[in-house]
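The sequence and structure come first.

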Amino acid sequence: MTAYNWYRVYNGMINDTKWPRIARNAKQSVGTVVAVWFALLDCASKAYNRGSVSDFVPEDIDFFYGLEDGATGAVLDALVMAGLITEDDYISGWHQFFGEQEEA
């Protein structure tokens, strides 16, 4: 567990213009995309290596939010395709946008 118990969310994040494109690519609603994004940020904030989402379990989010099986995985794939999640399971720009320094 990390020493931080918070992360920053910027004004306007919930209605960012990239969400509808990602929703279309994932064949999910914009609300589902935003909910999955916030679940990913929460996971990344709690990770030992902050910014990592390697412990993220899409099926758990499907179950928790009552989504159809595979909905969260589809959003995750679309976020990777859009460059918001790296192929090595990190939030792109975590340290730049969410404020702390990279660990040595």
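At what angle do H1 and helix H4 pack, and how far apart are their axes? H1 and H4 (residues 71-81) pack at an angle of about 125°, with their axes 8 Å apart. Axes are lines fitted to C-alpha atoms, for helices over the stretch in contact, and angles run from 0 to 180 degrees between N-to-C directions. Helices are DSSP runs (H or I, at least four residues), numbered from the N terminus.

The model is predicted: local features need pLDDT of at least 70, side-chain atom pairs count only at pLDDT 80 or more, and totals for chains, interfaces and linings use all residues. Residues are numbered from 1 along each chain as its sequence is written, and side-chain values use heavy atoms, with hydrogens and water left out.

**Helix pairs**

| Pair | Angle | Axis separation |
|---|---|---|
| H1 (residues 18-26) and H2 (residues 30-46) | about 105° | 8 Å |
| H1 and H4 (residues 71-81) | about 125° | 8 Å |

H1 and H2 are therefore roughly perpendicular to each other, a class that covers 65 to 115 degrees. Their contact (heavy atoms within 4.5 Å) involves Trp-19, Pro-20, Ile-22 and Ala-23 from H1, and Val-30, Val-33, Val-34 and Trp-37 from H2. By class, these residues are eight nonpolar, no polar and no charged. Ala, Val, Leu, Ile, Met, Phe, Trp, Tyr, Cys and Pro count as nonpolar, Asp, Glu, Lys and Arg as charged, and the others, Gly among them, as polar.

H1 and H4 are therefore oblique to each other; oblique is the rest after roughly parallel (under 35 degrees), roughly antiparallel (over 145) and roughly perpendicular. On the H1 side, Trp-19, Ile-22, Asn-25 and Ala-26 meet Ala-74, Val-75, Ala-78, Leu-79 and Met-81 of H4. This contact has eight nonpolar, one polar and no charged residues.

**Core**

The largest nonpolar core has 25 residues, and Trp-37, Leu-40, Phe-56, Leu-79 and Ile-91 have the most contacts inside it. Such a core is a set of buried Ala, Val, Leu, Ile, Met, Phe, Trp, Tyr and Cys residues joined through side-chain atoms within 4.5 Å, where buried means under 20% relative accessible area (1.4 Å probe, protein chains only). H1, H2 and H4 each give two or more residues to this core, and H2 has the largest share, nine residues.

**Positive phi**

Lys-27, not a glycine, has a positive phi of about 60° and sits in the loop between H1 and H2. Lys-27 is exposed (over 50%), at a relative accessible area of 73%.
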